[in-house]
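Here is a friendly tour of one protein model, from its overall build down to a few side-chain pairs. Please have your viewer open as you read.

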Amino acid sequence: MANERKDLKDSDATRVKVLSEALPYIQQFAGRTVVIKYGGAAMKDSQLKDQVVRDVVFLSCVGLRPVVVHGGGPEINTWLEKLNIEPQFKDGLRVTDAATMDVVEMVLVGRVNKELVGLINAAGGQAVGLCGKDGSLIQARPQGKEGIGFVGEVASVNPSVIESLVESGYVPVVSSVAADETGQAYNVNADTVAGEIAAALGAEKLILLTDTAGILKDYHDPSTLIYSLNIQEARQLIEDGIVAGGMIPKVNCCVRSLAQGVGAAHILDGRIPHALLLEIFTDSGIGSMIVASDYTRSIWELNS
């Protein structure tokens, strides 16, 4: 019995110590907007999903302003198969004909978005679900490649609806479906949507949750993770072929958001429990942070 009490006290002491050490970060980032692109394994694994949701609610409770942007590729594929529509890809992009676009919109706006809203609300947050059509949040235009159908890119962002929600204490949850000036719906890459929303909001941070540790010097070796780099270094890694494949659009998305005024962009492994809190509330973080040259990760450097 005495040992049980001691273990309980030790556990409580650890929790209090962790919260105490997070205080300077909470003070620094209170009132700042953090845009989180949610996807990958963290969206498919129910336990990870619960942890991400709790992290988002925690950020909101301690005064940050989280905005969540999501895709939902695996669930789209599931529903396409149920409807006997074969998923097709071209140059890494989902071929989105009219029938596929209907499924994309149904799944992202009607299912994935509302599930996330419900989970955040159940965890004690106040979430509101949106897509790019709501409040003319995002105007899309065709991506331009031949044979890919209704795949779009972001033409413009009107962040007023999100600003109104975060000012009132809500957590906006945005699905990556948008429309052009005629009302035609488009499937837009969720990383791109997150980056453009972060830029339009003047966000402190853009965070991309992925299924990799971050930017690696050797993609076979997680120990070669690059914890911090600036825009110029990120571009050089692409030129040198160190950043390759699916990581190129993610890094370009981060660089573009930084060039438009976002404070820092993070690429981190959403498979790590509570990855968001570890990245935001520690000096070293757990992923790769891309910054403008005058930005620093350390709270102590910021306050010195």
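Is arginine 111 buried, partly exposed or exposed, and what is its relative accessible area? Arginine 111 is partly exposed, with a relative accessible area of 41%. Here buried means under 20% relative accessible area, exposed means over 50%, and partly exposed lies in between, with a 1.4 Å probe and protein chains only.

A word on how to read the values. This is a predicted model, in which local features need pLDDT of at least 70 and side-chain atom pairs count only at pLDDT 80 or more, while totals for chains, interfaces and linings use all residues. Residues are numbered from 1 along each chain as its sequence is written, and side-chain values use heavy atoms, with hydrogens and water left out.

**The overall build**

The protein holds 11 helices and 14 strands; these are DSSP runs numbered from the N terminus, helices being H or I with at least four residues and strands E with at least two. For 304 residues, a compact globule would have a radius of gyration near 19 Å, and the 20 Å of the protein agrees with that. The radius is taken over C-alpha atoms, and the globule rule is 2.2 Å times the number of residues to the power 0.38. Along the principal axes, the C-alpha trace spans about 65 × 45 × 40 Å.

Of the 304 residues, 48% count as buried. Among contacts with a separation of 6 or more, 71% come from residues 24 or more positions apart, a contact being heavy atoms within 4.5 Å.

**Charged pairs**

Side chains of opposite charge can pair when their charged atoms come close. A search of the whole structure finds 10 salt bridges, each being a side-chain nitrogen of Lys or Arg within 4 Å of a carboxyl oxygen of Asp or Glu. Among them are these:

| Pair | N to O distance |
|---|---|
| Lysine 37 and aspartate 191 | 3.4 Å |
| Glutamate 167 and arginine 65 | 3.3 Å |
| Arginine 111 and glutamate 75 | 3.1 Å |

In the pair of lysine 37 and aspartate 191, the partners sit in strand E1 (residues 33-38) and helix H7 (residues 190-201), 154 residues apart. Lysine 37 and aspartate 191 are both buried.

Glutamate 167 and arginine 65 also meet in a salt bridge. Glutamate 167 belongs to helix H6 (residues 160-167) and arginine 65 to strand E2 (residues 65-70), so this pair ties together parts that are 102 residues apart in sequence. Glutamate 167 is exposed at 56% relative accessible area, whereas arginine 65 is partly exposed at 25%.

Arginine 111, where we began, bridges to glutamate 75. The two link helix H5 (residues 98-122) with helix H4 (residues 73-82), 36 residues apart. Glutamate 75 counts as partly exposed, at 24% relative accessibility. Elsewhere, salt bridges that share partners join Lys37, Asp191 and Lys250 into one network.

**A residue in helix H4**

Isoleucine 76 has its place in helix H4. At 3% relative accessibility, isoleucine 76 counts as buried. Which residues does isoleucine 76 contact, leaving aside its neighbours within four places in sequence? They are Arg94, Val103, Val104, Val107 and Leu108. The C-alpha atoms of isoleucine 76 and leucine 108 are separated by 7.7 Å, with the two residues 32 apart along the chain.
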